[in-house]
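Me: Please take a close look at one part of this model. I want the sheet and the helices packed around it, step by step.

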Amino acid sequence: MTIDPRHPARIFLMQQPWFGTLDETLRHTLVESMQLLRAARGELLLRRGTPVQAWWGVLSGMAKLQTATTDGRISAFLSVPAGEWFGEGTVLKGGQWRYDVLALRDTTLIGMPVALFQRLYETSLPFTQFLVQRLNLRLGQAMTAIEADRLRTPEERVAQYLMMFCQAGVRRITLSQEDLGHLAGLSRQTTNRVLKAFEARGWITLEFSRIDVLEPEALTDVLLPTG
């Protein structure tokens, strides 16, 4: 049996550096087994406390990982654009999701069942190396977030999260200022002030729920030590 080359799961998996190293039978099994999960903007894709049943990537749209306190305060710590995976550490540990995953726009997730994830982890060196790279990336992002929370100015925090998108190849960012503020740990008012200042310098342009980065080099300079 052949699979339509336009099959969304096949297109997504073909972009993964480890997929081509697998034998044909396993590639076919993966494509046929991938799950799709859709949600409209603002809806939950995965709820905190639900069992981990798959490793998820963003097929289209954008997702946000966040936690909420009982009094309604939100702490967002990662946004995931199309083409990226998330939650590999949680899948390796098993159990339950420790955060909510929210659709920042109409979003479709693509999921690899845990059994296949574990099979690749145990038998495919390229897949395992890919996971190690992902985990190292997440560690770096976590350290950066801790540093931003303790040491960075509002300008540096906003520049830092905009650069995370740029480093993922996204310069046209469909994201509200409130959501960006959640990621940067800032109020909407402070986020708006910083973005307006960046726009006045010609580094970005602002539209409704969209930020276009024009000068990523200038944002990088904001993050450089001045001493």
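**The sheet and its helices**

Reply: In this predicted model, strand β3 (residues 54–60) and β6 pair in the antiparallel sense, over two bridges.

Four strands build an open sheet, and their order is β1-β8-β3-β6. The pairing is antiparallel. β1 (35–39) and β6 (85–86) are the edge strands. Each of these two pairs on one side only. As a rule, strands of a sheet pair through backbone hydrogen bonds, in a parallel or antiparallel way.

Next comes the helix on the sheet. α4 lies across β3 and β8 (107–113). Its direction runs at about 60° to β8.

α4 also has a helix partner. Two packed helices are described by the angle between their axes and the distance between the axes. Helix α2 (residues 24–33) packs with helix α4 (residues 114–123) at an angle of about 150°. Their axes are 11 Å apart. Angles over 145 degrees count as roughly antiparallel, so α2 is roughly antiparallel to α4. The crossing of α2 past α4 is left-handed.

Which residues make the contact? From α2 come Leu26, Thr29, Leu30 and Ser33. From α4 come Leu116, Arg119 and Leu120. By class, the contact of α2 with α4 holds four nonpolar, two polar and one charged residues.

To put the parts together: α4 lies across β3 and β8, and α4 packs with α2.

Definitions and conventions
Residues numbered from 1 in each chain as written. Predicted model: local features only at pLDDT ≥ 70, side-chain atom pairs only at ≥ 80, totals over all residues. Heavy atoms only, no water. Axes fitted to C-alpha atoms, helices over the stretch in contact; angles between N-to-C directions. Parallel < 35°, antiparallel > 145°, perpendicular 65-115°, else oblique. Left-handed = near helix turned anticlockwise from the far one by under 90°. Contact = heavy atoms within 4.5 Å. Nonpolar A, V, L, I, M, F, W, Y, C, P; charged D, E, K, R; others polar. Pairing = 2+ DSSP bridges.
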